[in-house]
Amino acid sequence: MNGRRAGGNFLLAVLAASYLGCSSGSESGVEPTLPTTSGPAPTAIPTSTSTATPTPTAVPVSLIAFETRRDGTAQIYVMKPDGSEQKRLGTNAADEGNPAWSPDGRRIALHSSRDGNMEIYVMNADGANQTRLTNNPARDQVPAWSPDGTKLLFWSDRDGNIDIYVMNLDGTGQTRLTTSSGADQVASWCRGGKILFASERDGNSQIYAMNPDGSAPVRLTNNSTRDFNPACSPDGTKVLFWSNRDGNMEIYVMNADGASQTRLTNNPAREANPVWSPDGAKVAFWSDRDGNNEIYVMNADGSNPVRLTNNPAPDVAPDWR
Ligand SMILES: [Ca+2]
Ligand SMILES: [Ca+2]
Ligand SMILES: [Ca+2]
């Protein structure tokens, strides 16, 4: 069953998941959503005595951020988990993508080539306050947050081939975590400590785990085709990824130690980039089953897939807060 189409599909997936990105200048034109009053209608207008301003510090409303080329270049959009209210964050024309929500849902890390080559940036959830964190002529891409929100993982080829790096949120302390001659990329930092990533160190891309300092790497998957895009569940016990092992790209889940690898999709089209809903009950991913790359959600057991985007341009790289 293991197909031979892995390489081509893999390349397409990588290209789709990480378009060269760019945007110049920040923008802050996204309107904040004002809380609507849902209590009983006021029968009298309080004059100047009411200074009550309940601080809305509740968990931010659930949103899926994703990357789309519907405007011609790769841009970051957000939408409700039912696909409604699709809205662009940012106004510059340069490509950018791979949005990653901070654990508290208040910031988004991304990569962009707005300053001439791929760098890592962070911005507020509404697209405001965009800040560059890397400054290196090499490619710096695919940011991922630490569970405590204090660090970012990313990959870079600044040292000759693609390796995983970690840095502080202000861009300081950029440290290389992998040193293999094969590409090490698309990391996910699990609650509980391990960093999962895809590596070609043993010849073809497989999923590995390592300690946060890069020590003790352990291979979790072992087959002759590509396994890619690990994504830890919110509780750190499960890992989503995609693989070609059954002949074409499908979504799989396994325990964080690599046990119980289970296929969730079964479709001749490509399925990739799986991520969890915040409660771990659903999975968002992209597929071209309807003719081009669209964002879908399904239950965590693979049932009831629903398409959220419907646009002739590629819609990829979802991340869910
Ligand atoms: Ca760079
Ligand atoms: Ca498939
Ligand atoms: Ca599309």
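Predicted model: local features only at pLDDT ≥ 70, side-chain atom pairs only at ≥ 80, totals over all residues.
In which sense do β1 and strand β24 (residues 315-320) pair, and over how many bridges? The two strands pair in the antiparallel sense, over four bridges, and Thr68 stands opposite Asp315 in β24.

Residues are numbered from 1 along each chain as its sequence is written, and chains are lettered from A and ligands numbered from 1 in the order in which they are written. Strands are DSSP runs (E, at least two residues), numbered from the N terminus; two of them pair if DSSP finds at least two bridges between them.

Now to the sheet itself. It is open, with four strands in the order β3-β2-β1-β24 and antiparallel pairing. Its edge strands, β3 (87-88) and β24, each pair on one side only.

| Pair | Bridges | Bridge partners |
|---|---|---|
| β1 and β2 (residues 75-79) | five bridges | Ala65 and Val78 |
| β2 and β3 | two bridges | Tyr77 and Arg88 |

β1 and β2 also form a hairpin with six residues between them, and Gly72 in the turn has a positive phi of about 105 degrees.

How enclosed is β1 (residues 64-68)? Five of its five residues are buried, so the strand is largely enclosed by the rest of the structure. Buried here asks for 20 or more other C-beta atoms within 10 Å of the residue's own, with C-beta atoms placed from the backbone. Both faces are covered: Ile64, Phe66 and Thr68 are buried on one side, and Ala65 and Glu67 on the other.

Terms used
Buried ≥ 20, exposed ≤ 12 C-beta atoms within 10 Å, placed from the backbone.
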